[in-house]
Protein chains: 12
Amino acid sequence: MGREQVARVTEIIAESPVGFKEAINVGFTRASKTLRGITGLRVVEQRVSVKDDKIDTYRVRMEVIFILDE
Amino acid sequence: MGREQVARVTEIIAESPVGFKEAINVGFTRASKTLRGITGLRVVEQRVSVKDDKIDTYRVRMEVIFILDE
Amino acid sequence: MGREQVARVTEIIAESPVGFKEAINVGFTRASKTLRGITGLRVVEQRVSVKDDKIDTYRVRMEVIFILDE
Amino acid sequence: MGREQVARVTEIIAESPVGFKEAINVGFTRASKTLRGITGLRVVEQRVSVKDDKIDTYRVRMEVIFILDE
Amino acid sequence: MGREQVARVTEIIAESPVGFKEAINVGFTRASKTLRGITGLRVVEQRVSVKDDKIDTYRVRMEVIFILDE
Amino acid sequence: MGREQVARVTEIIAESPVGFKEAINVGFTRASKTLRGITGLRVVEQRVSVKDDKIDTYRVRMEVIFILDE
Amino acid sequence: MGREQVARVTEIIAESPVGFKEAINVGFTRASKTLRGITGLRVVEQRVSVKDDKIDTYRVRMEVIFILDE
Amino acid sequence: MGREQVARVTEIIAESPVGFKEAINVGFTRASKTLRGITGLRVVEQRVSVKDDKIDTYRVRMEVIFILDE
Amino acid sequence: MGREQVARVTEIIAESPVGFKEAINVGFTRASKTLRGITGLRVVEQRVSVKDDKIDTYRVRMEVIFILDE
Amino acid sequence: MGREQVARVTEIIAESPVGFKEAINVGFTRASKTLRGITGLRVVEQRVSVKDDKIDTYRVRMEVIFILDE
Amino acid sequence: MGREQVARVTEIIAESPVGFKEAINVGFTRASKTLRGITGLRVVEQRVSVKDDKIDTYRVRMEVIFILDE
Amino acid sequence: MGREQVARVTEIIAESPVGFKEAINVGFTRASKTLRGITGLRVVEQRVSVKDDKIDTYRVRMEVIFILDE
């Protein structure tokens, strides 16, 4: 049988100059510094910002799901 | 006349092996431990997880709205 | 070149008896008390509550985006 | 062969202190007092309101579909 | 300069055994019996119902917009 | 404990040559003529119409929520 | 490390005269007859159908997720 | 009283060079070859494809709902 | 192997007094006057406008997709 | 009877340091420089950007609808 | 002139420990084992699951579109 | 204080046989040929097209945002 459990969903926007996959990593790494029990991430939006006519930053908005202690 | 007030909206995912109504209770009870001034919840999503060919857990994703102190 | 950076998105509901623009200000002012590095707000929903047959409160649900320290 | 028929869709928000299923019943019972030919309801949103740190009311927003007389 | 005016939006579901265009007509004709000042319709959904393995009815859910008298 | 109650949600589109806030007022004032027990409004859409190359009308589509008598 | 795996998502609409929870069970039981490896269900829509002025059927549209064999 | 019943929802994209109504027919006819107990179709999307500067094909994406045998 | 190619998506609203299919044609014909390489259209919204209590115009909002020259 | 007519929908994001209403005006004024036959605007999104802990800019994303010459 | 043709849309969730692009490949490869005439895939959702504080699996939910034989 | 500024949002669909990241680049490069002042891109949809049972093209639909000259 399942058990009672509660998780929280928070949203972050992470940036990397390399790519979306790296941006997800940047976000996950930063989130892991302050949140325990992360179980997953969900991509909400993917943007690219441009400076001086060049792709400058890959930006991923994502949900971070983590289990709340009892 | 109304007054100035600010509330926060946070999202949790609560699980119970019994049903959705119980999962909402599990979530509310846990949220009440850490949040004062909860005014309401809004159901965002209802899922069921299955293990060994049996319904194992009822999972409700919900918004929790609580008033911020001044 | 862009750099690695992470921002958080949180949601508040701010009320003012005057108007939506004032409600946004109420929300921003309150958020600034506890959050550093706010870069922007996004309006999610605009409601009006009515009491004794008169418009009583303007309520704006908005996202608050703020940069997380390293 | 099908026939020509027109139904109307109206929206209500029904509340019950007991649960969502009861709230649907409260809504259906009230709608039946004024509307003939109801064929169905569609749940649009489920909220819970909290007072004095306790779940106080289950609120269901629903569409009511009823056949219009010729 | 524009003037102050208020219109109402109501939703109906109209059926015809012939096609969607005819179903819209059925709906408009029925609505015109009870509503004055209709300015437009907006298609919300198009369904087909099947009986005895044959397309039986074309069903259009639509918004009806009509001007409210002062 | 909460009590059983039912509210109705209807939609109007109100126009004003002055601004969105005024259009909301126009809509609320007109709705109050025919509906008792209005508890709130929710903005659904904001449009501007243009005539002779000038902004002519501010149009707000909004939900009106009002309590149904027993 | 995670492994390579593929699941399928199919949609069913299950009905029960008793309630939504029972309708989910009816759907799950029927799906389990033909599908192995079901991991979860996600509620998509909840409707009630009415006959002879009484609530007759609770209808839940849900996704069924099941693991595909290699 | 209602009874227990389960239907399945599958999606097809049907094309016809004549029009959307014909494309729905093409889809329904093909689905009827392999599916028993079809109760209805729901239009999800309507596209037109163009070749050599002429409208070439009307394409309708639709849900097909059919009753599952016990 | 595929090749590198870029298409543009633009949106038009076309009207015809006859029907939606004709409105799509009106839109496509007009778009073809100024755009080369149109590959397809996608229906976004279907409205009807009413004048003097009669259906006056069928209005289709659609995306027009066309290939950009190198 | 209606006539054949085609309008185009384009999207702009206009900024003003004063407010949303002013931002709409900035957008409309700029659009009117290059587009003839504008019939309306539709607000898509409202954002505020913050600099040095102060609300710096009101940003409105809006659709601009204008009639295409024959 | 176009021809009559029907395609089916099915949904899968594919996982890979390497990345989203690889997960799409895993899904496509598995789908190709059972489905002929696949014409395309559409990404619906991208998730990452985390185990022992490390990104463990990249999960892509996608539509698979394939042509049905006559 | 912010200043008055207007940007335009246009949509393109870019294809590459290599991957989504490359398709974004293809789109950005092509857009840069005709548009000055591009500030960013937003991914709207990601599709893959299949030919001869192999993934043939990665297709990204994206918004391109660019500043309009005064």
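How many of the 70 residues of chain A count as buried? The share is 59%, where buried means under 20% relative accessible area, exposed over 50%, and partly exposed in between (1.4 Å probe, protein chains only). The structure is a predicted model, in which local features need pLDDT of at least 70 and side-chain atom pairs count only at pLDDT 80 or more, while totals for chains, interfaces and linings use all residues. Residues are numbered from 1 along each chain as its sequence is written, chains are lettered from A and ligands numbered from 1 in the order in which they are written, and side-chain values use heavy atoms, with hydrogens and water left out.

Chain A is more spread out than a compact globule, because its radius of gyration is 15 Å, well over the 11 Å that the globule rule gives for 70 residues. That radius is taken over C-alpha atoms, and the globule rule is 2.2 Å times the number of residues to the power 0.38. The C-alpha trace of chain A spans about 55 × 20 × 15 Å along its principal axes.

Contacts tell a further part of the story, a contact being heavy atoms within 4.5 Å. Among the contacts in chain A with a separation of 6 or more, 63% are between residues 24 or more positions apart.

How do the chains sit relative to one another? Two copies of a chain are related by a rotation about an axis and a shift along it. Chain A is superposed on chain B by a rotation of 120° with 0.0 Å of shift along the axis, giving an RMSD of 0.0 Å. The two copies are thus related as by a three-fold rotation axis. The superposition is by least squares on the C-alpha atoms of residues with pLDDT of at least 70 in both copies. Within chain A, the residue that comes closest to the rotation axis is Thr10(A), with its C-alpha at 4.4 Å. The copies use different surfaces, as 7% of the contact residues of chain A recur in chain B.

The contact between these two chains takes 14 residues from chain A and 16 residues from chain B. Together the two chains bury about 1300 Å², with 50% of it on carbon and sulfur atoms; buried area is the accessible area (1.4 Å probe) that two parts lose on being put together, summed over both. Other pairs stay apart: chain J and chain K do not touch, their nearest C-alpha atoms being 23 Å apart, and chain F and chain L do not touch either, with a C-alpha separation of 17 Å at the nearest.

Arg61(B) pairs with Glu63(A) in a salt bridge whose closest N and O atoms are 2.6 Å apart. Glu45(A) meets Arg47(A) in a salt bridge at 3.0 Å, N to O, and Arg47(A) is partly exposed at 23% relative accessibility. Glu45(A) also forms a salt bridge with Arg42(L), at 3.1 Å between the closest N and O atoms. Arg42(L) lies in strand β2 (residues 38-51) of chain L and Glu45(A) in strand β2 (residues 38-51) of chain A, so the pair joins two chains.

Two residues complete the picture. Ser49(I), in strand β2 (residues 38-51) of chain I, is buried with a relative accessible area of 9%. Its contacts, not counting residues up to four places away in sequence, include Thr39(E), Gly40(E) and Lys54(I). Asp53(B), by contrast, is exposed at 55% relative accessibility. Asp53(B) is found in the loop between β2 (38-51) and β3 (54-67) of chain B, and its phi is near 60°, a positive value in a residue other than glycine.

Conventions: Salt bridge = Lys/Arg side-chain N within 4 Å of Asp/Glu carboxyl O. Helix = DSSP H or I, 4+ residues; strand = E, 2+ residues; numbered from the N terminus.
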